[in-house]
Amino acid sequence: MPDIHIVRTHHLGLADARRIAQQWADDARRDYGIQCTQQTAQDGDTIHFQQAGVQGSLSVTAQRFELSAELGFLFKGFRQKIASGMESRLDSLLGEAPAG
């Protein structure tokens, strides 16, 4: 079971959801130095991310975002703060998105 698991449903459609996922990855790279790689499929994408102490994925489809992350031992004590930051940024991006 992941240390952090966040699910958000949406009505944006896949194109807008992909843009939000890409913005999330760009922000993670810029703000935290997290390495991100993206797998693209016809029905959705998965962004895999990692940095010392954290690794996980953000999956996006036309209806849903799902973020899962595993924390290293030294970061487990900060799980709530890290989860809150991830959740807040994703919610912020979804709130800025045009209605689908």
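**Entry 1: the model.** I started by checking what I had open, and it is a predicted model.

**Entry 2: β3 and β4.** I looked up how strand β3, residues 44-51, sits against strand β4, residues 54-61. The two pair in the antiparallel sense, and I noted eight bridges for them. Next I asked myself which residue is the bridge partner of Gln51 in β4. My search landed on Val54. I then went to the turn, where I found that the hairpin of β3 and β4 has two residues between the strands.

**Entry 3: β4 and β5.** I followed β4 across to strand β5, residues 64-71, and found that these two run antiparallel as well, joined by seven bridges. Val54 came up again here, standing opposite Leu71 in β5. I also wrote down that β4 and β5 form a hairpin, with two residues between them.

**Entry 4: the largest pocket.** I turned to open space and asked how much of it lies in the largest pocket. The value I got is about 400 Å³. I listed 15 residues lining this pocket, and those closest to its centre are Tyr32, Ile34, Ile82, Gly85 and Met86. Which elements give two or more residues to the lining? I found α1 (14-32) and α2 (79-96).

Entry 5: Last, I sorted the lining residues of the largest pocket by kind, and I got nine nonpolar, two polar and four charged.

Definitions and conventions. Residues numbered from 1 in each chain as written. Predicted model: local features only at pLDDT ≥ 70, side-chain atom pairs only at ≥ 80, totals over all residues. Heavy atoms only, no water. Pairing = 2+ DSSP bridges. Helix = DSSP H or I, 4+ residues; strand = E, 2+ residues; numbered from the N terminus. 1 Å grid on protein atoms, 1.4 Å probe; cavity = no way out; pocket = protein on both sides within 12 Å on 5 of 7 lines; lining within 4 Å. Points joined across faces, edges and corners; volume = space filled by probe spheres on them. Nonpolar A, V, L, I, M, F, W, Y, C, P; charged D, E, K, R; others polar.
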